[in-house]
Amino acid sequence: MAAVAKQKLYLLDYGAGNVRSLLNAVERLGYTIEYITTVDDFDKADKIIFPGVGAFGYAMKALQSKGFAEPLKAFVASGRPLMGICVGMQVLFEGSDESPSQPGLGLFEGRVRLFDSKTKTVPHMGWNSAQIVHEEHRSSLDVPDLNEERRYYFVHSYGVPYTAAGRQSEFVYTATRYGDETIVSSIWKGNVFATQFHPEKSGTAGLAALQSFIEGDLVRPTASKALKAPVDIRKEFTTRVIACLDVRANDTGDLVVTKGDQYDVRESADKGGDVRNLGKPVDLAKRYFDEGADEIAFLNITSFRNMPFKDMPMLEVLRQASRCIFVPLTIGGGVRDVVDPDGEQVWPAVQVAGEYFRSGADKVSIGSDAVYAAERYLQRAAEGREPLDGTTAIEQIAERYGNQAVVISVDPRRIYVRRPDDAKGHHVIKTAFPGPNGEEYCWYQCTVKGGREGRDVDVRQLVTACAALGAGEILLNCMDKDGTNSGYDIELIADTKAAVSIPVIASSGAGKPEHFSEVVDKTGVEAVLAAGIFHRREVPIEAVKNHMSQHGIAIRPVKQTGSV
């Protein structure tokens, strides 16, 4: 790769979600980056990175309101390098189905289209390949460091269809297959390089791609070779393996990772009754990143009600974690309207989420408040009113940051009944595991307050309501299985998968590698999650992935070939 002189690298942030991870990735590579804050900054920049998260229309309106749209086009016309990421790539096209009346920048031919949720889950959320559709003369040309053997992190509901027609031969660099659709996953023309995936969240493979833009002279001449046909793009979407860390303050006030046994996180009385301490949050999370976890979830199970929100320890946990972890981070717990103890400041849930994103989170997980939102949704629907009124945290966060940023954490427990009618209108399944009195049916009751209070809402009601409100993913726990190491609740998970078209994460009960492959084979979940067995090293993440791979389940390799 050609050497480049010291240059001024700038980040174009229009108010998107998590840009901290991109800043940390650039710093990890040994570079500094400045923010574009005024129109004049475009003239100072030698290279610009333009990340985007959330809605196409919001991004374009934000660019226009800040007066950045025309200077951005002028920057590209000047020949200086631009790298777009996710929505930062999409807005370079003519428009999007997401915001039909809002034109894009129109630098490239094509329109961004919604994925078909009838044939697969949407969003496209997880690790996939980026397959090069041209072969460049690599010996004489700096090229983006993308490799078909590596996997990259995608999270989007809209994409540019890859057709290999029209003017796509001029700018498409890689394409990606998701289910029955093939989309453009990166573009490269002249001084513009952009990716649909998130390099800053794609581990060492993504850092390599980012490094090639920063250090290389990525100016692409007119493509000379034919494009691959869409049918030649292989299906290589993988099942995610997620490590979960339950974080709370112990009795001396220190933040620790703990793990419950059916939601009880304290040791038995004969062991002192203290909060179970399995390590420090950032240290454990870094270990999981190094061991090959595809995502990491922090679930805050301490309320911290007696301190201002800005002083919340989990914000600092995220800041520290995002400096050394380059896969997606989810934060759960406390994503609701918050009032500081002195009553001086009220933090609406969408602002709480925004602070988490700016601190390094990619997704927020909503638990109890999702149940209350679903109850309100169901009540309004029963009264014949419009159930969507834009007031819930789910709606507001999804509108601002995109539905892929909202995860619903479900904490259900089995309620056994002798006959379906005994469930009083709740969705019932016939179970292969009868209840204590021989009951052959059960329904799954949603709980709030960490499982301490049951509500008159079943899991199917909750997940369908939350999907309608704008949630992008379901984290499906099970109180009956938590800490048992007896395997996931296959009946619950399969029933939930059948009810929604958004991704589902299987959680609670894993005790050996076979449990992971079993739940994927029997339910088709997009991701599997575990906590205690990873914390205690009873089952290494690599052993889980190796087992899944041996059983024909596509996974992201723990070590990716040729990456940074």
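Why is it called that?

Mentor: Let's start with a pair: arginine 177 stands opposite threonine 182 in strand 12. Before we go on, this is a predicted model, where local features need pLDDT of at least 70 and side-chain atom pairs count only at pLDDT 80 or more, while totals for chains, interfaces and linings use all residues. Residues are numbered from 1 along each chain as its sequence is written, and side-chain values use heavy atoms, with hydrogens and water left out.

Trainee: What makes strand 11 and strand 12 a pair?

Mentor: Two strands (DSSP runs of E, at least two residues) pair if DSSP finds at least two bridges between them. Strand 11 (residues 172-178) and strand 12 (residues 181-189) have 6 bridges, in the antiparallel sense. They sit in an open sheet of 8 strands, ordered 2-1-3-4-13-12-11-8, with mixed pairing.

Trainee: What makes strand 2 and strand 8 edge strands?

Mentor: Strand 2 (34-35) and strand 8 (131-132) each pair on one side only.

Trainee: How do you know that strand 6 and strand 10 pair?

Mentor: Strand 6 (residues 111-114) and strand 10 share 2 bridges and run antiparallel. Arginine 113 faces glycine 159 of strand 10 there. The open sheet they belong to has 3 strands, in the order 5-6-10, and its pairing is mixed. Its edges are strand 5 (95-96) and strand 10 (158-159), each pairing on one side only.

Trainee: How many residues lie between strand 24 and strand 25 in their hairpin?

Mentor: There are 4, and lysine 449 in that turn has a positive phi of about 55 degrees. The two strands, residues 441-448 and 453-458, are antiparallel over 3 bridges. In one of those bridges, threonine 447 is partnered with glycine 454 in strand 25.

Trainee: Now the helices: why is helix 14 called oblique to helix 15?

Mentor: The axes of helix 14 (residues 490-499) and helix 15 (residues 513-523) cross at roughly 40 degrees and come within 9 Å. Angles count as roughly parallel under 35 degrees, roughly antiparallel over 145, roughly perpendicular from 65 to 115, and oblique otherwise. Helix 14 and helix 15 are therefore oblique.

Trainee: Which residues of helix 14 and helix 15 meet?

Mentor: Ile490, Ile493, Ala494 and Lys497 in helix 14 meet Glu518, Val519, Lys522 and Thr523 in helix 15; contact means heavy atoms within 4.5 Å.

Trainee: What makes helix 1 roughly perpendicular to helix 7?

Mentor: The axes of helix 1 (residues 20-28) and helix 7 (residues 203-215) cross at roughly 70 degrees and come within 10 Å. That angle makes the two helices roughly perpendicular. Leu22, Ala25, Val26 and Arg28 of helix 1 make the contact with Leu207, Leu210 and Ile214 of helix 7.

Trainee: Why is serine 508 called buried, and why is asparagine 485 called partly exposed?

Mentor: Buried means under 20% relative accessible area, exposed over 50%, and partly exposed in between (1.4 Å probe, protein chains only). Serine 508 has 9%, so it counts as buried. Asparagine 485 has 33%, so it counts as partly exposed.

Trainee: What is the phi of asparagine 485, and what is the phi of serine 508?

Mentor: Most residues other than glycine have a negative phi, and most peptide bonds are trans. Asparagine 485, in the loop between strand 26 (473-476) and helix 14, has a positive phi of about 60 degrees. Serine 508, in the loop between strand 27 (504-506) and helix 15, has a positive phi of about 85 degrees.

Trainee: Which peptide bond is cis?

Mentor: The bond from valine 122 to proline 123 is cis, with omega near 15 degrees. Proline 123 is in the loop between strand 6 and strand 7 (124-128).

How values were computed
Axes are lines fitted to C-alpha atoms, for helices over the stretch in contact, and angles run from 0 to 180 degrees between N-to-C directions.
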